[in-house]
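Here's a quick, friendly walk through a protein model for someone meeting it for the first time. Have a look at the picture, then read on.

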Amino acid sequence: MARIIWMIFYLFLFRYTPNPFHSWRATILRFFGAKVGKGVHVYPKVKIWAPWNLELEDYCGVANDVNLYSQGKITIGKKAVISQGAHLCAGTHDYTHPGFPQISKPINIGGHSWIAAEAFIHPGINIGEGAVIGARSVVTKNMPAWMVCSGHPCNPIKTRNLNSLSLESSTIFS
C-alpha cells in the first residue's frame with residue numbers, strides 16, 4: 001500500500017516539479033521516511049522505488065534519470081554526486097532457488113564521491129569516500145576511497161589528486 005501511495009505522490013507532486021524546487025522534493029521524501037540532510041539536490045526525474053530506504057546526507061546531488069532502486073537501504077554521503085542515468089540497485093533475486101526470492105543488500109556511497117553518467121552499482125556495494133566511478137562502469141565489488149575507478153567490471157585505476165581539493169571550504173552547490 002505504501003508503494004502505491006508513494007507512486008501517486010511521485011507522479012503528481014514530485015516528478016513534474018520545476019528543477020529548482022529541491023526543498024519541495026526533499027520535504028516529500030522526508031514525508032515518506034527518507035533521511036534527507038540540508039542542501040540536498042534531488043532532481044524531479046529521479047526514479048525512487050522506496051524513499052523510506054534512502055539516506056541523503058548534506059549537500060549531495062542526484063541528477064535526472066538516476067534510478068534509486070531502493071529495495072534495500074541506499075546511503076549517499078555528504079557532497080556526493082550521482083550523475084544522470086546512474087542506476088543504484090539495492091535488490092536482486094536468489095537465482096539458486098526455484099522461486100527466485102527477493103534479496104536486498106544496502107548500498108553506501110561515500111562522501112565527496114562521484115558516480116558518473118550511466119554507471120551501474122550492484123547490491124551490497126560500498127563506494128569509498130572521495131571515489132570517482134567512471135561513466136557506464138559496472139561496479140560488482142567495493143571500490144576504495146580516493147581512487148578513480150572505471151570499467152566493466154569496475155576496477156581502481158589511479159589515485160585521486162587530493163592537492164587540488166579543499167574539502168572543508170568547498171560545496172558542490174552554491
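## A tour of the model

Lys 79 is a buried residue, with a relative accessible area of 8%, and buried here means under 20%. Keep in mind that this is a predicted model. You'll find Lys 79 in the loop between strand S7 (74-76) and strand S8 (81-82). Its backbone is worth a look too: Lys 79 has a positive phi of about 60 degrees, although it is not a glycine. Most residues other than glycine have a negative phi, and most peptide bonds are trans.

Phe 100 also has a positive phi, about 50 degrees, without being a glycine. Phe 100 sits in the loop between strand S10 (91-93) and strand S11 (102-104), and its 48% relative accessibility makes it partly exposed.

Then there's a peptide bond to check. Going from His 152 to Pro 153, the bond is cis, with omega near 5 degrees. Pro 153 belongs to the loop between strand S18 (147-151) and strand S19 (154-159).

Now let's step back to the whole chain. Its secondary structure comes to 2 helices and 19 strands. Of its 174 residues, 43% count as buried. The C-alpha atoms fill a box of roughly 50 × 50 × 20 Å along the principal axes. For 174 residues, a compact globule would have a radius of gyration near 16 Å, and the chain agrees with its 16 Å. Among contacts between residues at least 6 apart in sequence, 25% join residues at least 24 apart.

How do the helices H1 and H2 lie relative to each other? The axes of helix H1 (residues 2-14) and helix H2 (residues 22-31) come within 11 Å and cross at roughly 170 degrees. H1 and H2 are therefore roughly antiparallel. On the H1 side, Trp 6, Phe 9, Leu 13 and Phe 14 meet Trp 24, Arg 25, Ile 28, Leu 29 and Phe 31 of H2. By class, that contact has 8 nonpolar residues, no polar ones and 1 charged.

Ring pairs link Trp 6, Phe 9, Tyr 10, Phe 14, Phe 31 and Phe 32 into a cluster.

In total, the structure holds 8 aromatic pairs. One of them is formed by Trp 49 and Tyr 69, edge-to-face, at 5.8 Å centre to centre with 70 degrees between the planes. Trp 49 is in the loop between strand S3 (47-48) and strand S4 (54-56), while Tyr 69 is in strand S6 (residues 67-69), so this pair ties together parts that are 20 residues apart in sequence.

Which residues does Glu 57 contact, leaving aside its neighbours within four places in sequence? They are Gly 37, Val 40, Thr 75, Ile 76, Gly 77 and Lys 78. Arg 15 lies 42 residues away from Glu 57 along the chain, and their C-alpha atoms are separated by 21 Å.

Here are some partly exposed residues side by side:

| Residue | Relative accessibility | Class |
|---|---|---|
| Trp 49 | 28% | partly exposed |
| Tyr 69 | 25% | partly exposed |
| Glu 57 | 29% | partly exposed |
| Phe 100 | 48% | partly exposed |

Definitions and conventions:
Residues are numbered from 1 along each chain as its sequence is written. This is a predicted model: local features need pLDDT of at least 70, side-chain atom pairs count only at pLDDT 80 or more; totals for chains, interfaces and linings use all residues. Side-chain values use heavy atoms; hydrogens and water are left out. Rings of Phe, Tyr and Trp (its six-membered ring) pair if their centres lie within 6.5 Å; planes under 30 degrees apart count as stacked, over 60 as edge-to-face and the rest as tilted. Helices (H or I, at least four residues) and strands (E, at least two) are DSSP runs, numbered from the N terminus. Buried means under 20% relative accessible area, exposed over 50%, partly exposed in between (1.4 Å probe, protein chains only). Axes are lines fitted to C-alpha atoms, for helices over the stretch in contact, and angles run from 0 to 180 degrees between N-to-C directions. Angles under 35 degrees count as roughly parallel, over 145 as roughly antiparallel, 65 to 115 as roughly perpendicular and the rest as oblique. Contact means heavy atoms within 4.5 Å. Ala, Val, Leu, Ile, Met, Phe, Trp, Tyr, Cys and Pro count as nonpolar, Asp, Glu, Lys and Arg as charged, and the others, Gly among them, as polar. The radius of gyration is taken over C-alpha atoms; the globule rule is 2.2 Å times the number of residues to the power 0.38.
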